Amino acid sequence: CDSLTSYNENPNEPQEARTTYLLTNVQKSLSDTQWDDFNLGRFGNLYAQYWSQTQYTDESRYSPRTGSINSMWADYYLNIRDLEEIIRLNRENPDKYKGYGANQNQIAVAKILKAWSYQMITDVWGAAPYKDAMGGRENPSPKYSSQEEIYTGIIKTLTEASDSIDVNASGFTAGDVIYDGNMTKWKKFANSLKMRAAMRIADAKPQLANTAINEAISAGAFESNEDNAVFTYKTAVPNNNPINEAFKNRNDFAVSEALVGLMKSNSDPRLPFYADPASTGDYLGYPYGLSNGAAPKYFADQPFSYPSSKVRDATAPALYMLYDEVLFIKAEAAERGYISGTPANFYEQAIEASINYWSNESVSQSDISSYIANVPYNASNFAQQKWLALYMQGVQGWSEFRRLDFTGVLQQPAAGKKGTFGTDFPQRYPYPNEEYNLNQTNLKAAIEMQGADNQGTKLWWDQN
Amino acid sequence: QTGTLTGTVTDASTGESLPGVNIYILDIERGTATGPEGQFTIEDIEYGTYTVRATYVGYQTYKQQVTIDQADVKLNISIGQSTQQLEDVVVTALGIERKEKSLGYSVQKISGEDVSKVRETNFVSSLTGKVAGANISNSSTMGGSSRIVIRGAKSVAGNNQPLFVVDGVPINNSNFTSTAQQSGGGGYDYGNAAQIINPNNIASVSVLKGPSASALYGSRAANGVIQITTKDGSLTEGIGITVNSGVKVKKVYGLPDYQNEYGGGGQGPFKMNSQGQLVPDYATDTSWGPPLDGRMVREWFSYDDVDGKMGETTPWDAHPDNIKNFFNTGIENNNNISLYNGTDTYNYRISLTNVNNEGILPNSSMQRNEVSFNGSLKLTDKLTTSISTNYVYSKAEGRVGTGYNSGNTLNPMLQFNHFGQRQIDLSEGSPMRNLTRPDGTQRTWNWADPVAGTINYADNPFWLREKNYQDDDKQRIYGNFTASYDFNSNLNLETKLLTDFYTSRRGERVAVYSSATSRYSEGIREVQETNSRTTLTYTGSLNEDISLDAFVAGNIRYNQYNRNIGQTQGGLSAPGIYSLENSIDRPDIDDHNQESMVYSLISSASLGYKEMLYLDGTLRNDWSSTLPEDNNSYLYPSITGSLVFSELGIFEDQDILSYGKLRIGYAKVGSDTSPYRLKNTYPFSTPFGSSPQLSVSNTLNNSNLKPETTYSWEVGTELSFFNNRLGLDVTLYKDNTEDQILAVDVSPASGSNSQLINAGEIENKGVEVMLDGTPVQTKNFQWDVTVNWSKNKNKVVQFAGDISNYRLANAPFGLSINAREGEPYGAFVGTDYVYDGNGNKVIAPNGNYKQASDQSVLGSYVPDWTGGLSTSISYKGLSASITFNGQKGGDVYSVSNLWGKYSGMFAATAENDVRELGVVPQGVDANGNAWTKEVPAVDFFQSFYGLEAAFVYDASYIKIQEATVGYDLPRKWLSSLPIRSLRVSLVGRNLAMLFKNAPNIDPSIAISAGNVQGVEAGQIPPQRTLGFNISMDL
C-alpha cells in the first residue's frame, strides 16, 4: 500500500525553514515575551514598581496568575529552542544555510539572544534547566542547573559569540529586526550583555565579574545610543507593541507613585517621556498595590497618570539593552576597582545617555547638567538612577533593586501575598506549576538546592 | 367461476377493529381498504389459490394463502403492532439484521417513536436517560452540542464519542470548536455535527455499546456505534402521507440566587458631583456598592438625552428579575411531511422537514430545512438497487458565546454571573435597551467616563446580542447508493457507495464602538467522508441443526477536511461592514487542508446451533495513511457467543422464566491517528511586515507511531419472566485501551510543549443494568416501567516513563483537567485548602484560608453512576410517559461561583447581614484554635481567588428529562375523514431539577462535546421546554 503514505504529506506547513524566517520569528516572539501586558505589565513593571495596577490589583500584591507564570517560562524556553534550531541548521548543513548569512555570524547572533534569554530566566527564577535543557525526545525532563552554573555559562557563551563574529562577513541577510544584519553592533551587544551579566554576579563571584567586564570592554561594548539593542514594532496588528494593544481596550496600568514621586522630587526631565499628565495636567503616580476594595475607588475618584504615549505607541520598541546601562556598569566597575576611571564621570555620562535616549535628544545640555546636579553621585543616587534608567525593562529594574538593596522609594502593597514569604519585596518568582506537573523530580532537587519555592528566597547573586 | 373474499381486520392485542387497512391479492394485483368497522370485500375472484396481504402503518405485514373455491370465502385477519415485531430483530454493525438471541454482545434498541416524541433539534439529546451505559450531557445554548460517551472515555486525547451511522453512512460528528471554548475559555459552541439527524425519519436506533459489537466498523467504533435505520416506503398500498407538526416554547429557569440588597460599585458611599447629586461608581464591575435604598442618584443613562433623563436623578432600586427579563421566550416550530409508497418491486419515501427556532436570547434564531429520499428498485429478480439521500440546510444567527473570555465580547452571562452590578434594569422599555447614542456609539452602564462615552470592561448586554452576533450556515448531503445481486438464495454480492459531505460558513463579529477592538472573522469548512464497500455474503446452513452466515468485504474510506479562516486585524475601518476586506491591518489567515485514507478487509462468520447456541467471529485488517509505512497495517479479531438456555429441556414445563440467554464476547479494535503527525514541520506566523516568520513546531511529531488498541471483554445475560412481563438485562464489561497516541505535555525546557508518543492505558470496567416491567396489563390499560442504571469505573492506568499526567485543558483561572495516572479520566487539578491534622481548614493571620503550595487532585468529572427511569401508562388511545435522568457523583468546577461571590452578586454575599457584620470563616488558626474573628465580607469572598478547591462541587443531580401525554384519536372518529390516524401530544423537556448539590448552576449542562467536561463558566441557564405536537397519517 505504498500510495497510502503519499496522503500523509502535510500540505500546510513547510518541512524546511530559512534561518532568516526563524530569526524574525524568534526576535518578535522574545520581544513579546518580555514586553506584553502580562510579563511586563502584570509582572516586570510591577515588581520593579515602575507601574501600578489600577483595578484588580492581585499581581501588584504579589499574587501572580499561575497561567501567566507557566506561559512566560514556556515562551522563554521555546524561543531558546528556535535559537538552537538556527545554530543546529548552520552547523549540520553550513552550505545550505550560508546564503542567509555567514554561518558563524548566524550562530553568534543566536547565541547572544540565547544568553539574553537565559539571564532573564535565571534572574526571575534562579536555578533553571540550562545544561540539561533542550534535550528533546531524549530528555523530556531536564535537570536544573544552579544560578552560578547558568551565569558562568552565559558569560562563556557571550565570549564565544563575540570572539566568533566576523564583522567583515555577512550578518543575517534578512529578517534581523534588531540590527539589520550589522555584525559590529551584534558584537557590541554581546560584550554589553556580558557586562550586565558580570556585574549582576559581582557580589557572588567578583573574580569572574572583574575578568569578564575587562574582557568585554576591550572587545568593545556599546558606544552610543546608536548601538542600543531594541526591537522596533510596527503599526499594524499583530506586529504592534503589545503594550499598545493592551491599552486599546483596558486601562489596567498607571505609573507608580514611587516612580513619579522620585522623578518629581529631582525635576527629572524624563518624566514627560515616562508618563502622561493626569487629567489635572500634573504628573500623579498611582499608589502601588492598593487592595482590591480600595483600588476601584481610587480609580474612579482620583486623577492619576498613565504610562506615556511614547511607551504606549504602536511602534514603541521593546528594549533589550541600552547604552546607559553600560555606563552605569562602568561606574560601578570603577567603584569596585575592576577598571580605571572616575565612577562619577561614568555615572553622569550614563544619566546623560539615558535622558538623550528617552527624550530623543530634545533636552538641552544645561537642563541635563542641572538635573545631574540634583542627583550627585553617591551609592543611594546611583541605585536610584540606574533603576530609573531601566524604566520599561521591568526584570532589569527589579533585579538591580534586589542586588543594590534599593528600597527607599518603593511602596509596600496592601494585604496580599506580602508577608507570606518573609521579605518585604519579592526576591524571585515562583516556579511554574507546570514544572510540578511535568518535571517534578528535578524541580524538587532544585528547590532542595536553592531554598523554598516562594517569593522570599534570595537568589545566589544577591549575596547581601 | 368467481368468488368473493370478505372479512375484518382487528388489532391482535386489543381486538379493536382497524379501518383503512390495505388488503391486497398479490397474484392478481387487486386490493381494497377496510371500512370503518375494519371490514373488507373483494369480489369477482377467479377460483384458485392466492396470497393475500394486509398492510397497515405501524403494524406487521400479514400474508396468508387463501383458496377461493366457493362464492363466499371469509378471512378474518388479526395483525400485531410492528413494534412487537422489532423486539427480536436488531440491526447490527454494517446494517446487518440479526435475531437478537443470536448476539453475543449487548445491543440496545430504541424505537423511532421513542426518539421522536419530543422532536429535539439535537438528535443526540433525545437519547438522554434512555441508554444504559451512555453518559449524555447537553448544552444549554441554541444549537449547542450534546455529548455522548458509552462505557466511559477510552482514549486519552482522541475522540471518545461513538460513531454515528445512518443507513450505513458514517456521519461526521465533529464540532470544530476551539480548545478555549471547550474548556470554558470563551467561544461559540457550534454543536456536534450529528445533531442534524432527523427524528422524523428514524425507524429505529441500535446502540452497539462495546467494541465487540462494532469491531466491523473498525477504528472509529471503539467507542461504540449509534446505528440509525431510517424509514422507507416498503409495502404501502397507495401513497401514504404522514404529517407532523409541533410547536414548543422554551423558558429559562434555575438562575443563580442573586442578592438584591446592594448595588454596584466598589466599597464606600456614593460620590457627590458638583451639582450635589449622588453618583454611583459605574466604572467598577462589582456589586459591593451602597444599599439599594431608593435614594435618588445619577444613573448611568443620565449623561445623554437618549432616554430624556439627561442630568436627572432616579431611584437607586433593586431589580430582582433583571436577568430573567433579559431573556425571551423561545419558540420552536417543527413541521414534517412524508410521502411513501411501496410494492414488491419498488418503494420510496420522501420526507420534507422544516424547523424554525427563535432562541431565548435577544436576536437568536435557527432554521433547518431537510429533504430526504429513500428509494429501492428491483431491476430483476436478482438485482436490486437502492438510493438514500439527505440534504440539510441549516443556519443560525446569534448563537450565544459560552464561557469566560477576558474580552467580555461574547457571553452576556459574564456580567450577570461574573462581574457586574446587580441593580441594572434590563426589563422591556428600560434605558439599557436603547443601545446607541445618536452618533452610533454604544451606551452601557460600565462607563469609564460617561460624558466621553468610554467603556471600562462590559458592553451593554443588548449590544452584545444585537451588534456582536455571529451567524453561520451549513449545507450537508449524505446518503448512499447500493446495488445488490442475489446469485441464489444463499449467496449475495452487494456494492455500496456512501458519502457524507458538508460545507459550513461561520461569521463572528465585534462591532465598532464595542469595548473590545472591532473585528470580523469568517471561516469556511468542508468536511467529507466517502466509503466504498463491496460485500459477498453467504447465508445458509450446514445441516438441519447448524446455520452459517458469513461474509467478506473490502472497504476504502477517504476523509477530507479543508478550512479557510480569516480574521481582521487592528479593527474594522468602516462600521457595520463585516468583510475581511474591511480589516485595518492585514487579516490573519488560517488555511488548512488534510486528507487521509484507510483500506480495510473485513470478514465475519456466524454459526448457530438449533437456534439456541451461537458462535460469531470477525476478523478485520486496516491499512491507514496516517501511520508510518512499516507500521500502518493492523489486524484485529472479535469472538462472541450466546446460549439461549431457556430453550433447554429443563425449562419446558414452567411459566416463570419466559426467556433466558447468556452471552460472552471478546474483541480487539485497532485505531489510527490524525494526519500529519509523523514528520516535524515549521508552522507560520503572520509576517512581520515583509519578513516571513516560521518557527519550530511546539509539538514534536513521531515517525515511529503504531496503532492504538482497545481490548474488551463483556459478559451478560438477558432474562424475562412471567410471560415477558418482567425483563432484566445485565452486562459486565472491561475495556483496556493501550498504546494511545498522545501529544503529552513535557517541560518546555526540553524544547517543546508536547511530544507525540504511543503510551498510556485507560481501563474502563463497569456494569449496565436494564430492568423493564409491566406491572399492570389489562385489555385497555397498561403500565410500563423501564429503569437503566450503569456504573463505570474509569482509571488511567499508566503513561510511559516519567510521564504520569496528560493535561486535557486549562479551565479559566487555575484549574486544569487531566488524565493522570491512578486517577479517573478528567481529573481536576488545582489548589486546595491547607488542612490541619484534624481535617480543619487552616486560616492565615489575615483571615484568609491558607492555600496549599502544591497543586493536587480536587475531583473528576466522571460520575460514580448514571441512571434513567421511564414510566408510561396507556389507556386505550391515551398514553403518558415521563423520563427521569440523573447521576451520582462526579464534580463540576464553577467559575460563576468564583466570580459571582467575588463580585458580590450572588446571594451568599449579602445573607445574614454579612456586609455589616462580617464573616467568621470556619477553620482554625496556625495553632489549631477555632477561628473566631470576623473578616469583612468583601475580603472574605475575594480571598478565594486562586483557591480552586472552593469552587469544585459535587455534580450529582436528578432531573425530569422528558414527559409526554398523547392521545390517539379512535379510528372510528376518523373514518369519515381522509385520515387514517391522528395523534396529539403534549411534550415537555428538561422540566425540573429535582435534586442537585452545586449552588447557582445546573451541573448537568455541558459547555461542549469535547473531552473537557465539568467546567462551568458563565453558564447559559437551563431551559424548560413545553410543546404541542400533532401527527397524522393520511
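Where is B:Arg151 found? B:Arg151 sits in the loop between strand S13 (146-150) and strand S14 (163-166) of chain B. Its phi is positive, about 55°, although B:Arg151 is not a glycine. The model is predicted.

Chain A has a backbone feature of another kind. A cis peptide bond links A:Val237 to A:Pro238, with omega about 5°. A:Pro238 belongs to the loop between strand S4 (229-231) and helix H10 (242-249) of chain A.

Two packed helices are described by the angle between their axes and the distance between the axes.

| Helix pair | Angle | Axis distance |
|---|---|---|
| H7 (residues 147-164) and H8 (residues 183-200) of chain A | about 160° | 9 Å |
| H6 (residues 103-125) of chain A and H8(A) | about 25° | 10 Å |
| H11 (residues 257-265) and H18 (residues 379-389) of chain A | about 120° | 12 Å |

Take H7(A) and H8(A), which pack at about 160°. The two helices are therefore roughly antiparallel to each other. Their crossing is left-handed. H7(A) brings A:Tyr151, A:Ile154, A:Ile155, A:Leu158, A:Thr159 and A:Ser162 to the contact. From H8(A) come residues including A:Lys187, A:Asn191, A:Leu193 and A:Ala197. By class, this contact holds 8 nonpolar, 3 polar and 3 charged residues.

H8(A) also packs with H6(A), at an angle of about 25°. That makes H6(A) roughly parallel to H8(A). H6(A) passes H8(A) in a left-handed crossing. On the H6(A) side, the contact includes A:Val109, A:Ile112, A:Leu113 and A:Trp116. On the H8(A) side, A:Met183, A:Trp186, A:Phe189 and A:Leu193 are among the residues that take part. The contact has 10 nonpolar, 2 polar and 3 charged residues.

For H11(A) and H18(A), the axes lie 12 Å apart. The crossing is left-handed. A:Ala258, A:Leu259, A:Leu262 and A:Met263 of H11(A) meet A:Gln384, A:Trp387 and A:Leu388 of H18(A). Here the classes are 6 nonpolar, 1 polar and no charged.

**Cavities**

Rolling a probe the size of a water molecule over the atoms shows where empty space is left. In this model the count comes to 16 cavities of 30 Å³ or more.

The largest cavity has a volume of about 550 Å³. Its lining has 39 residues, and B:Glu120, B:Asn138, B:Ser139, B:Ser140 and B:Lys250 lie nearest the centre. Five strands of chain B each supply at least two lining residues: S12 (134-138), S25 (346-358), S56 (957-968), S57 (981-996) and S59 (1023-1033). The lining divides into 10 nonpolar, 24 polar and 5 charged residues.

The second largest cavity holds about 370 Å³ of space. It is lined by 32 residues, with B:Asn135, B:Ile136, B:Ser137, B:Gln887 and B:Ser1004 closest to its centre. The elements that give two or more residues to this lining are S12, S52 (865-875), S53 (878-888) and S54 (891-894) of chain B. Which element gives the most to the lining of the second largest cavity? S12(B) does, with 4 residues. By class, the lining of the second largest cavity has 14 nonpolar, 16 polar and 2 charged residues.

Terms used. Residues numbered from 1 in each chain as written. Chains lettered and ligands numbered in written order. Predicted model: local features only at pLDDT ≥ 70, side-chain atom pairs only at ≥ 80, totals over all residues. Heavy atoms only, no water. Axes fitted to C-alpha atoms, helices over the stretch in contact; angles between N-to-C directions. Parallel < 35°, antiparallel > 145°, perpendicular 65-115°, else oblique. Left-handed = near helix turned anticlockwise from the far one by under 90°. Contact = heavy atoms within 4.5 Å. Nonpolar A, V, L, I, M, F, W, Y, C, P; charged D, E, K, R; others polar. 1 Å grid on protein atoms, 1.4 Å probe; cavity = no way out; pocket = protein on both sides within 12 Å on 5 of 7 lines; lining within 4 Å. Points joined across faces, edges and corners; volume = space filled by probe spheres on them.
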